[in-house]
Amino acid sequence: MASSPFLSKTTISFSSSISTSLPWRSSHSSPSFSTAFRTKPRRRTLTVQSKIREIFMPALSSTMTEGKIVSWVKSEGDVLSKGESVVVVESDKADMDVETFYDGILAAIVVGEGETAPVGAAIGLLAETEEEVAEAKAKAKSASSDSPASSSPAAEAVTPTPPPATSTPAPAIAQPSPPATYTPKKTVATPFAKKLAKQHKVDIASVVGSGPFGRITPADVEAAAGIAQPKKTVAAEPTPVSAAPPKSSAAPSASSAPLLPGSTVVPFTTMQAAVSKNMLESLSVPTFRVGYPISTDALDALYEKVKPKGVTMTALLAKAAALALAQHPVVNASCKDGKSFTYNSSINIAVAVAVNGGLITPVLQDADKLDLYLLSQKWKELVEKARAKQLQPHEYSSGTFTLSNLGMFGVDRFDAILPPGQGAIMAVGASKPTVVADADGFFSVKSKMLVNVTADHRIVYGADLAAFLKTFAKIVENPESLTL
């Protein structure tokens with residue numbers, strides 16, 4: 001796979017000073033010269049470097065903040081070669097094999113299978129030689145003992161047993177002197193933590209890290225910025241539960257569901273958590289919706305001709321949308337900072353696909369430049385990879401316009417939620433026979449589908465969207481250009 005772990009090298013230097021007797025010193029006649037050498041003997045320093053590298057949780061997508069360990073391909077003690085798969089990580093969209101940048105021995109697994117870790121956190125330790133394996137395991141144990149210590153307020157509230165636990169790893173804590181000497185030279189923080197620090201204007205050098213070996217995590221930055229405080233209030237709420245009358249208004253929202261007989265609480269999967277985050281983020285974007293009825297008799301006839309060649313209706317609609325976007329580039333634009341917008345150089349159609357336990361949008365890149373048959377072939381490959389959770393990040397995060405089709409389920413109309421970072425999303429309903437009247441007053445039955453487009457009103461206006469839909473309808477009603 002293309003993605004690989006971020007591996008950071010921790011170098012520990014052992015120096016021994018050896019005083020060497022110089023044979024030519026005694027033959028020198030000057031007493032002051034020899035005295036100077038006695039007071040300042042020449043010393044030679046031997047340095048032995050021990051390389052223990054951390055295997056970090058990689059950022060497999062731009063929206064990924066944490067990852068879940070699906071399985072470790074290698075076990076502790078296995079010898080690894082550069083480029084070899086070590087662990088399978090579940091990101092917010094796919095499962096990906098993570099490779100190693102270095103040769104070495106997998107000395108310790110810090111995060112086990114089924115557990116999650118934030119991006120940039122150490123999930124394993126890689127030793128260079130067998131002699132360093134024991135040292136790496138000691139570091140892993142000390143790191144695991146330090147992590148609960150960082151959350152001591154919560155730990156102390158649960159049980160008073162952590163204090164004696166900290167007394168046992170005392171000798172192990174005495175050894176990690178190298179990290180103590182390393183921190184003043186350079187501040188170690190996860191990439192996402194640095195991004196948060198810049199976003200919230202927090203001096204990263206003033207933040208005390210609670211991660212392994214003093215690494216600064218996103219939670220540390222949020223705490224320094226005062227964002228993490230609401231979490232503490234939620235944790236503190238159970239204590240006033242005894243005061244039932246004032247809490248009765250807020251408590252039922254959180255506790256009513258578990259009180260129902262036979263009900264269960266199911267935590268979000270990584271993908272569901274990512275979808276939830278994106279949907280909440282989309283609420284901050286001012287959107288509007290425009291519907292447009294389109295006749296599909298000609299498109300249905302074309303579909304019957306090309307269907308035996310492997311062409312799907314999704315490919316036809318994606319191609320039509322791409323050709324329309326080429327004539328209306330503002331609908332293909334995006335606004336991410338609220339201060340400016342970007343005319344995207346490529347027309348990448350993201351198509352919503354329902355997968356087991358979530359939703360993902362594989363991207364047909366440069367859809368306006370590919371012929372219909374190649375586009376259909378690429379779409380088939382993307383769907384197979386999406387359902388096998390093997391999509392690469394660029395195959396689901398590079399969309400500039402999204403297409404959501406529920407017509408195959410008989411849905412005649414619906415509204416779609418605008419994905420963050422895009423200018424518009426099209427919701428396509430089913431094509432159904434409809435009675436229509438022509439200009440002369442004669443009635444006929446034609447197949448029509450209703451298309452609703454949700455757009456970012458900061459960059460797309462009503463006239464822009466109406467013109468785009470008119471062009472899209474013209475292409476669908478006269479689909480000869482789709483096969484060119």
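**View 1. The exposed side of H15.** Lys-380 and Glu-384 are exposed on the other side of H15 from its buried residues, which are Leu-372, Leu-375, Ser-376, Trp-379, Leu-382, Val-383 and Ala-386. Seen down the helix axis, the buried residues fall within an arc of 125 degrees, so they line one face of H15. An α-helix has 3.6 residues a turn, so residues three or four places apart point the same way. The model shown here and in the other views is predicted.

**View 2. Length and ends of H15.** The helix covers residues 372-387; at 1.5 Å a residue its 16 residues should span 22 Å, and its end C-alpha atoms are 23 Å apart, which agrees. Asp-371 caps the N-terminal end, with a side-chain oxygen 3.0 Å from the backbone nitrogen of Tyr-373. Just after H15, Lys-389 takes a positive phi of about 55 degrees.

**View 3. The largest nonpolar core.** This core has 58 residues, and those with the most contacts inside it are Val-331, Ile-349, Phe-401, Met-426, Phe-468 and Phe-472. Helix H14 (residues 313-327) gives the most to the core, with 10 residues. Leaving aside residues up to four places away in sequence, Phe-472 touches Ile-294, Leu-317, Ala-320, Ala-321, Ala-324, Met-426, Met-449 and Val-451.

Conventions: Residues numbered from 1 in each chain as written. Predicted model: local features only at pLDDT ≥ 70, side-chain atom pairs only at ≥ 80, totals over all residues. Heavy atoms only, no water. Core = buried A, V, L, I, M, F, W, Y, C linked by side-chain atoms within 4.5 Å. Buried < 20%, exposed > 50% of the residue type's maximum accessible area, 1.4 Å probe, protein only. Helix = DSSP H or I, 4+ residues; strand = E, 2+ residues; numbered from the N terminus. Contact = heavy atoms within 4.5 Å. Expected span 1.5 Å × (residues − 1). Arc of directions from axis to C-beta. Polar contact = N/O pair within 3.5 Å; in protein donor to acceptor, adjacent residues only side chain to side chain.
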